[in-house]
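Colleague: Could you take a close look at one part of this model for me? I'd like to hear about the packing of a helix pair and what goes on around it.

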Amino acid sequence: MTELKLDSFAEGLHVAVIGASGAIGKAMVHWLEQVPTVTRIYALSRSEPEFDQVNKTVFHPMDLLDENSIAKGAEQISEPLDLVLVTTGILHEGEGLKPEKSIKDFQPDHFARIFAVNTTGPAMVAKYFLPKLARNRKNVFAVLSGRVGSISDNQLGGWYAYRASKAALNMIIKSLAIEIARKNKSSIIAALHPGTVDSHLSMPFQSGVPEGKLFSADYSAERLLHVIDQLTPGDSGHMFAWDGEKLPF
C-alpha cells in the first residue's frame, strides 16, 4: 500500500467529514490525521466519536435530518474547504426496517426514512457546504453511494428503498456536477462505492459476501482517499469504486 499523501491537492487542506461517528467516517478522520498536507479536519455528526488522535480535528454536532443543524454546522467553518466527505447512510434500522425481498414488503414509512437519510440529507449538505468549497484549486465533494444504486447494473432486484435512494442520490450528484461546473470549474462532485465494509450497516448480510470482499472500514477509507486523490474535473458527476473502477449510474 502506498503512503497516503493527497498530492493532487494544494498544501494546507481543510476537510469536512459528515457522519464522522460512523465506521467509514471515523476511519476517514483517522487517515486524514496522518496526511502531512491536511491542516484542519471538521468532524460533524450527531454524537461525538472517540478518535484515536485529534491533533487536527475539531468536532461540531450536526443532525443530517435537521436543515437548521446542517446550516449551523456549515457556519462553524470559516476557511474554504478542499474536501467534503459525506459518509452517512442507512440500510436497516431496529427490528422492523429491513431491505425488502419483494414488493409485498414495501412500506411507505420505511421508504421515506431511507430516503431522508440516504438522499435528502446529503442533498441538504450540498446546499450548505458547496458554497464553502475553495476556488482556483482542486476541491472535491464526495458522497458514499454504491453499486447497488446503479440502475443499469441491477441484476437481482429487491431492496427497493435502498436501491432507489442511492439511485436518486446518484442523480443528485450528476445534477450537482453540472451546476457547479458553471460556478467553480475547480470542483469535482463524485459518488463513491466503498465495497462491503465490516460495519453495522452490512452486519446482517455478511454471510453472503465472497471471501476477501469484506473490507475493514480503515481499508475502505484509505482506498477511497487514494481514489479521490486521482480524480480530475473530467471525473465530476460519476461514481467510482474503492479500487478506482468507474461504475455506471
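Modeller: First, a definition: rings of Phe, Tyr and Trp (its six-membered ring) count as a pair if their centres lie within 6.5 Å. With that in hand, ring pairs join F106, F111 and F115 into a cluster. Keep in mind that this is a predicted model.

Helix α3 covers residues 108-129 and helix α4 covers residues 160-181; their axes come within 8 Å and cross at roughly 15°. Angles under 35 degrees count as roughly parallel, so that is what α3 and α4 are to each other. The crossing is right-handed.

R113 is partly exposed, at 27% relative accessible area. Leaving aside residues up to four places away in sequence, R113 touches L65, I90, E93 and L97. Follow the chain 24 residues from R113 and you get to R137, with 37 Å between the two C-alpha atoms.

The loops are worth a glance too. Most residues other than glycine have a negative phi. N136, in the loop between α3 and β5 (139-144), has a positive phi near 65°. N136 counts as exposed, because its relative accessibility is 76% and the cut-off is over 50%. W159 has a positive phi as well, near 50°, and sits in the loop between β5 and α4. At 26% relative accessibility, W159 counts as partly exposed.

Back to the rings for a moment. Searching the whole structure gives six aromatic pairs. One of them is F215 with Y219, a tilted pair with 5.2 Å from centre to centre and 50° between the planes. F215 is buried at 8% relative accessibility, whereas Y219 is partly exposed at 29%. There's a charge over a ring as well: the charged end of K138 sits over the ring of F9, 4.6 Å from the ring centre.

Key. Residues numbered from 1 in each chain as written. Predicted model: local features only at pLDDT ≥ 70, side-chain atom pairs only at ≥ 80, totals over all residues. Heavy atoms only, no water. Phe/Tyr/Trp six-rings, centres within 6.5 Å; stacked < 30°, edge-to-face > 60°. Buried < 20%, exposed > 50% of the residue type's maximum accessible area, 1.4 Å probe, protein only. Lys NZ or Arg CZ within 6 Å of the ring centre and 35° of its normal. Axes fitted to C-alpha atoms, helices over the stretch in contact; angles between N-to-C directions. Helix = DSSP H or I, 4+ residues; strand = E, 2+ residues; numbered from the N terminus. Parallel < 35°, antiparallel > 145°, perpendicular 65-115°, else oblique. Left-handed = near helix turned anticlockwise from the far one by under 90°. Contact = heavy atoms within 4.5 Å.
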